[in-house]
Amino acid sequence: MLKRLLPNEHVPSIYDIDANELLDRGIKGIITDLDNTLVEWDRPEATPELIKWFAMLKEKGLQVTIVSNNNEERVRSFSYPLNIPFIFRARKPMTKAFKRAAKNMDLKNEEVVVVGDQIFTDVLGGNRLGLHTILVVPVAKNDGLATKLNRYMERHVLEWFKRKGLINWEE
């Protein structure tokens, strides 16, 4: 069970994900979390840097779908101006939203990566479907109440992975 919480990769931020490397591996789509993955959980809109990142992905032919556990208003108001498809109230780590996102992009599981900042939602959900998972360091140091509890448990799991030699990065 704990192995399902282990991401395939870890990067400091989304900007450290090499789009060319993804393409070389046959990846055609990115399912990404929103809050604390792309922007701070309380930032209403994309930063100029993030807008450039999305444009670069599109230019390279990579599709993106935002999959968030947040409510429709939050996810729609962020995604709509960027013209990026989204799924709200995803109920991650349940797999239904991940399946729907891949289907909407018309991609097979092996053509999709999941990017997120939490192992109990993004990584677990992606791993349950056999998707390639990339864990990023959270954008913000503060979180909402529910996420604070997840982060506390997450720290213990990541420390266990480090002790077992399963991960070797530092946050």
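Mentor: Gladly, and please keep in mind that this is a predicted model. Let us begin with Asn36, whose relative accessibility is 2%; since buried means under 20%, Asn36 counts as buried.

Trainee: What makes the phi of Asn36 worth noting, and where is Asn36 found?

Mentor: Asn36 has a positive phi of about 70 degrees although it is not a glycine, and it is found in the loop between strand 2 (29-32) and helix 2 (48-59).

Trainee: Why is Arg89 called exposed?

Mentor: The relative accessibility of Arg89 is 54%, and the label exposed requires a value over 50%, so Arg89 counts as exposed. Arg89 also has a positive phi, near 45 degrees, in a residue other than glycine, and its place is in the loop between strand 4 and helix 4. Pro93 lies in that loop, between strand 4 (86-87) and helix 4 (96-104), and the peptide bond from Lys92 to Pro93 is cis, with omega near 20 degrees.

Trainee: How do you know that Asp35 and Arg74 form a salt bridge?

Mentor: Their closest N and O atoms are 2.5 Å apart, and a salt bridge needs a side-chain nitrogen of Lys or Arg within 4 Å of a carboxyl oxygen of Asp or Glu, so the pair qualifies. The two residues are 39 apart in the chain, with Asp35 in the loop between strand 2 and helix 2 and Arg74 in helix 3.

Trainee: Are Asp35 and Arg74 buried or exposed?

Mentor: Asp35 has 13% relative accessibility and counts as buried, while Arg74, with a relative accessible area of 11%, is buried as well, because the limit is under 20%.

Trainee: What separates Glu72 and Arg76 along helix 3?

Mentor: Being 4 residues apart in helix 3, they are separated by about one helical turn, and their side chains meet in a salt bridge of 2.4 Å, N to O. Glu72 is partly exposed, with a relative accessible area of 30%, and Arg76 is partly exposed too, at 37%, because that label covers values between the limits of 20% and 50%.

Trainee: What makes a set of residues a nonpolar core, and which residues have the most contacts inside the largest one?

Mentor: The set must consist of buried nonpolar residues joined through side-chain atoms within 4.5 Å. The largest such core has 26 residues, and those with the most contacts inside it are Leu38 and Leu50. Helix 2 gives the most to this core, with 4 residues. Leaving aside neighbours within four places in sequence, Leu50 is in contact with Ile14, Tyr15, Leu38, Val39 and Phe78.

Trainee: Why is Met153 called partly exposed, and which surface patch includes it?

Mentor: Met153 has 36% relative accessibility, which lies between the limits of 20% and 50%, so Met153 counts as partly exposed. Together with Leu149 and Tyr152, Met153 forms a nonpolar patch on the surface, with about 310 Å² of accessible area, and Met153 is found in helix 6 (residues 145-163).

Trainee: How do you know that the radius of gyration of the protein chain agrees with that of a compact globule?

Mentor: With 171 residues, a compact globule would have a radius of gyration near 16 Å, and the protein chain has 15 Å, which agrees.

Key
Residues are numbered from 1 along each chain as its sequence is written. This is a predicted model: local features need pLDDT of at least 70, side-chain atom pairs count only at pLDDT 80 or more; totals for chains, interfaces and linings use all residues. Side-chain values use heavy atoms; hydrogens and water are left out. Patches are made of residues with over 30% relative accessible area and no salt bridge: like charges are joined within 9 Å, nonpolar side chains (Val, Leu, Ile, Met, Phe, Trp, Tyr) within 5 Å. Accessible areas come from the Shrake-Rupley method with a 1.4 Å probe; for residues, only the protein chains shown count as cover. Buried means under 20% relative accessible area, exposed over 50%, partly exposed in between (1.4 Å probe, protein chains only). Contact means heavy atoms within 4.5 Å. The radius of gyration is taken over C-alpha atoms; the globule rule is 2.2 Å times the number of residues to the power 0.38.
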